Amino acid sequence: MQQASDYELELMKVIWENGGSALYAEITAALADKRIFWTKNTIITLLSRLIDKKLLKANKIGHRNKYTAVVSADEYQGIQAESFLVKFFEGSAKGLVASLIQNELLTEQDFEELQQYWQGGDGQDA
(Lines give C-alpha, C1' and ligand atoms only; values in the text may rest on other atoms or scores of the structure.)
Protein backbone atom coordinates (compact mmCIF):
# COMPACT_ATOMS: atom_id res chain seq x y z
CA MET A 1 0.00 0.00 0.00
CA GLN A 2 1.29 3.42 -0.91
CA GLN A 3 1.87 6.02 1.75
CA ALA A 4 -0.19 9.19 1.81
CA SER A 5 1.62 12.54 1.88
CA ASP A 6 1.03 14.78 4.90
CA TYR A 7 -1.61 16.77 3.02
CA GLU A 8 -3.30 13.63 1.69
CA LEU A 9 -3.29 12.20 5.20
CA GLU A 10 -5.08 15.31 6.44
CA LEU A 11 -7.90 14.55 3.98
CA MET A 12 -7.96 10.89 5.02
CA LYS A 13 -8.31 11.93 8.66
CA VAL A 14 -11.28 14.11 7.76
CA ILE A 15 -12.92 11.21 5.92
CA TRP A 16 -12.18 8.73 8.73
CA GLU A 17 -13.57 11.20 11.29
CA ASN A 18 -16.73 11.42 9.16
CA GLY A 19 -17.39 7.69 9.47
CA GLY A 20 -15.26 6.60 6.53
CA SER A 21 -16.96 8.54 3.75
CA ALA A 22 -17.72 12.16 2.93
CA LEU A 23 -19.01 14.47 0.24
CA TYR A 24 -16.80 17.30 -1.00
CA ALA A 25 -18.84 19.86 0.96
CA GLU A 26 -18.38 17.84 4.16
CA ILE A 27 -14.64 17.65 3.54
CA THR A 28 -14.28 21.40 3.00
CA ALA A 29 -16.41 22.15 6.08
CA ALA A 30 -14.27 19.84 8.23
CA LEU A 31 -11.07 21.39 6.86
CA ALA A 32 -12.41 24.87 7.63
CA ASP A 33 -13.16 23.72 11.20
CA LYS A 34 -9.47 22.78 11.42
CA ARG A 35 -8.58 26.21 9.99
CA ILE A 36 -7.26 24.65 6.78
CA PHE A 37 -8.29 26.68 3.75
CA TRP A 38 -7.13 24.95 0.57
CA THR A 39 -8.38 25.85 -2.89
CA LYS A 40 -10.88 23.61 -4.62
CA ASN A 41 -8.21 22.55 -7.14
CA THR A 42 -5.84 21.54 -4.33
CA ILE A 43 -8.49 19.43 -2.61
CA ILE A 44 -9.60 17.76 -5.86
CA THR A 45 -5.97 17.03 -6.79
CA LEU A 46 -5.27 15.47 -3.39
CA LEU A 47 -8.48 13.41 -3.55
CA SER A 48 -7.50 12.19 -7.03
CA ARG A 49 -4.07 11.16 -5.77
CA LEU A 50 -5.65 9.23 -2.92
CA ILE A 51 -7.89 7.44 -5.41
CA ASP A 52 -4.83 6.63 -7.58
CA LYS A 53 -3.09 5.25 -4.48
CA LYS A 54 -6.19 3.10 -3.83
CA LEU A 55 -6.73 4.66 -0.42
CA LEU A 56 -10.04 6.21 -1.50
CA LYS A 57 -12.79 5.44 -3.94
CA ALA A 58 -15.33 7.84 -5.36
CA ASN A 59 -18.98 7.09 -6.07
CA LYS A 60 -21.26 9.41 -8.01
CA ILE A 61 -24.37 10.55 -6.18
CA GLY A 62 -26.21 12.68 -8.69
CA HIS A 63 -23.73 15.36 -9.68
CA ARG A 64 -21.60 14.92 -6.57
CA ASN A 65 -18.89 12.48 -5.55
CA LYS A 66 -18.94 10.62 -2.28
CA TYR A 67 -15.40 9.74 -1.20
CA THR A 68 -15.02 6.53 0.77
CA ALA A 69 -11.92 5.26 2.53
CA VAL A 70 -10.76 1.88 1.25
CA VAL A 71 -8.88 1.20 4.50
CA SER A 72 -9.74 2.20 8.05
CA ALA A 73 -7.54 4.53 10.09
CA ASP A 74 -6.44 1.58 12.24
CA GLU A 75 -5.53 -0.53 9.20
CA TYR A 76 -3.56 2.31 7.62
CA GLN A 77 -1.77 3.09 10.87
CA GLY A 78 -0.83 -0.57 11.33
CA ILE A 79 0.49 -0.92 7.78
CA GLN A 80 2.51 2.29 8.03
CA ALA A 81 3.87 1.35 11.47
CA GLU A 82 5.05 -2.01 10.13
CA SER A 83 6.62 -0.34 7.10
CA PHE A 84 8.41 2.16 9.36
CA LEU A 85 9.64 -0.64 11.61
CA VAL A 86 11.05 -2.61 8.69
CA LYS A 87 12.54 0.44 6.96
CA PHE A 88 14.29 1.99 9.96
CA PHE A 89 14.73 -0.81 12.49
CA GLU A 90 15.03 -3.93 10.30
CA GLY A 91 11.72 -5.13 11.72
CA SER A 92 12.92 -4.93 15.33
CA ALA A 93 10.30 -3.51 17.68
CA LYS A 94 12.92 -3.76 20.41
CA GLY A 95 15.17 -1.44 18.39
CA LEU A 96 12.34 1.06 18.03
CA VAL A 97 11.56 1.02 21.76
CA ALA A 98 15.27 1.35 22.61
CA SER A 99 15.46 4.40 20.33
CA LEU A 100 12.39 5.93 21.97
CA ILE A 101 13.92 5.43 25.42
CA GLN A 102 17.36 6.75 24.37
CA ASN A 103 15.79 9.88 22.92
CA GLU A 104 13.55 10.29 25.97
CA LEU A 105 10.40 9.98 23.87
CA LEU A 106 8.99 7.13 25.97
CA THR A 107 8.23 8.22 29.52
CA GLU A 108 8.06 6.02 32.56
CA GLN A 109 4.27 6.52 32.56
CA ASP A 110 4.12 5.45 28.89
CA PHE A 111 6.12 2.34 29.78
CA GLU A 112 3.79 1.50 32.69
CA GLU A 113 0.73 1.92 30.46
CA LEU A 114 2.30 -0.38 27.87
CA GLN A 115 2.95 -2.98 30.56
CA GLN A 116 -0.71 -2.77 31.62
CA TYR A 117 -1.75 -3.17 27.99
CA TRP A 118 0.39 -6.28 27.57
CA GLN A 119 -1.02 -7.70 30.79
CA GLY A 120 -4.55 -7.39 29.45
CA GLY A 121 -5.56 -3.92 30.68
CA ASP A 122 -6.27 -1.00 28.40
CA GLY A 123 -3.38 1.09 29.71
CA GLN A 124 -5.66 4.06 30.33
CA ASP A 125 -6.51 5.55 33.71
CA ALA A 126 -10.18 5.29 34.62
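Start by selecting W16, which is buried, with a relative accessible area of 18%. That value counts as buried because the cut-off is under 20%. Keep in mind throughout that the model is predicted.

The structure holds four aromatic pairs, and W16 and Y76 form one that is tilted, with 5.8 Å from centre to centre and 45° between the planes. Colour the two helices to see what this pair connects: W16 belongs to helix α1 (residues 6–17) and Y76 to helix α4 (residues 73–89), so the pair links parts of the chain that are distant, 60 residues apart.

Now stay on helix α4 and select F84 and F88. Both residues lie in this helix, four residues apart, or about one turn. Their rings make a tilted aromatic pair, 4.9 Å centre to centre with 45° between the planes.

F84, F88 and F89 form one aromatic cluster.

For the last stop, select Y24 and K40. What lies over the face of Y24? K40 does, at 5.9 Å from the ring centre.

Note on methods
Residues are numbered from 1 along each chain as its sequence is written. This is a predicted model: local features need pLDDT of at least 70, side-chain atom pairs count only at pLDDT 80 or more; totals for chains, interfaces and linings use all residues. Side-chain values use heavy atoms; hydrogens and water are left out. Rings of Phe, Tyr and Trp (its six-membered ring) pair if their centres lie within 6.5 Å; planes under 30 degrees apart count as stacked, over 60 as edge-to-face and the rest as tilted. Buried means under 20% relative accessible area, exposed over 50%, partly exposed in between (1.4 Å probe, protein chains only). A charge sits over a ring if NZ of Lys or CZ of Arg is within 6 Å of the ring centre and within 35 degrees of the ring normal.
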